[in-house]
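Please read it alongside the sequence and the model.

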Amino acid sequence: MGTVIISSAFNPKPIESNAVQLHQDSKIELPDNIKEIVEVKCMNCHKPDARNEKAREKLQWVKVPEMNKEQQEDFIAEMFEVIEDGDMPPARMVERNPKMKLTDEENKAFMAWLEKEEKRLKGK
Ligand code: HEC
């Protein structure tokens with residue numbers, strides 16, 4: 001009888017491999033608050049028909065939900081850099097239009113979201 005209990009205790013194996021599968025397939029999600037910021041302050045240069053070729057090549061938000069795991073990791077790392085350094089929107093644009101600068105609150109919202117996505121990617 002003891003064996004029955006032990007074998008069922010080891011049962012979670014298939015469930016575990018399922019979880020790994022799910023984790024590998026999981027995608028970046030943009031919560032509404034992030035979508036709103038991106039729409040106003042980032043989208044113009046980072047969309048399929050953006051005029052700025054370099055910006056368009058580096059990042060297109062419409063592709064974010066389809067990224068595979070490696071692309072997600074690259075994207076999150078780049079996002080951390082530009083948000084932490086205040087590099088986006090680019091200084092040239094902010095000079096012309098100071099309202100485009102991310103507010104402290106928007107910055108915090110980005111950081112919280114990125115930290116969450118990073119944890120998911122690391123499987124934590
Ligand atoms: C005025 C146009 C413009 C706006 C608005 C803009 N970007 Fe960019 N973005 C660029 C350009 C140009 C590049 C390419 C820079 C380079 O390679 O030197 C870039 C590159 C990037 C990259 C890739 C950086 C890398 O290391 O390759 C990320 C990530 C990014 N932008 C995020 C954002 C976010 C987040 C916002 C909104 C907060 C934003 N951008 C708003 C023009 C813009």
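## A packed helix pair

At what angle do helix H3 and helix H7 pack, and how far apart are their axes? Helix H3 (residues 32-41) and helix H7 (residues 104-121) pack at about 125°, with their axes 10 Å apart, where axes are lines fitted to C-alpha atoms over the stretch in contact and angles run from 0 to 180 degrees between N-to-C directions. H3 is therefore oblique to H7, a class left over once angles under 35 degrees count as roughly parallel, over 145 as roughly antiparallel and 65 to 115 as roughly perpendicular.

Asn-33, Ile-34 and Ile-37 in H3 meet Glu-106, Ala-109, Phe-110 and Trp-113 in H7, a contact being two C-beta atoms, placed from the backbone, within 7 Å. By class, this contact of H3 with H7 has five nonpolar, one polar and one charged residues.

## Basis of the model

This is a predicted model, in which local features need pLDDT of at least 70 and side-chain atom pairs count only at pLDDT 80 or more, while totals for chains, interfaces and linings use all residues. Residues are numbered from 1 along each chain as its sequence is written.

## The chain as a whole

The secondary structure comes to seven helices and zero strands, helices being DSSP runs (H or I) of at least four residues and strands (E) of at least two. Of the 124 residues, 7% count as buried, that is, with 20 or more other C-beta atoms within 10 Å of their own.

## Around the ligand

The ligand is surrounded by 19 residues, of which the closest are Cys-42, Cys-45, Ala-55, Met-88 and Pro-89. Helix H5 gives the most to this shell, with four residues.

Key. Ala, Val, Leu, Ile, Met, Phe, Trp, Tyr, Cys and Pro count as nonpolar, Asp, Glu, Lys and Arg as charged, and the others, Gly among them, as polar. A residue is buried if 20 or more other C-beta atoms lie within 10 Å of its own, exposed if 12 or fewer, and partly exposed in between; C-beta atoms are placed from the backbone. A residue is near a molecule or strand if its C-beta atom, placed from the backbone, lies within 6 Å of it.
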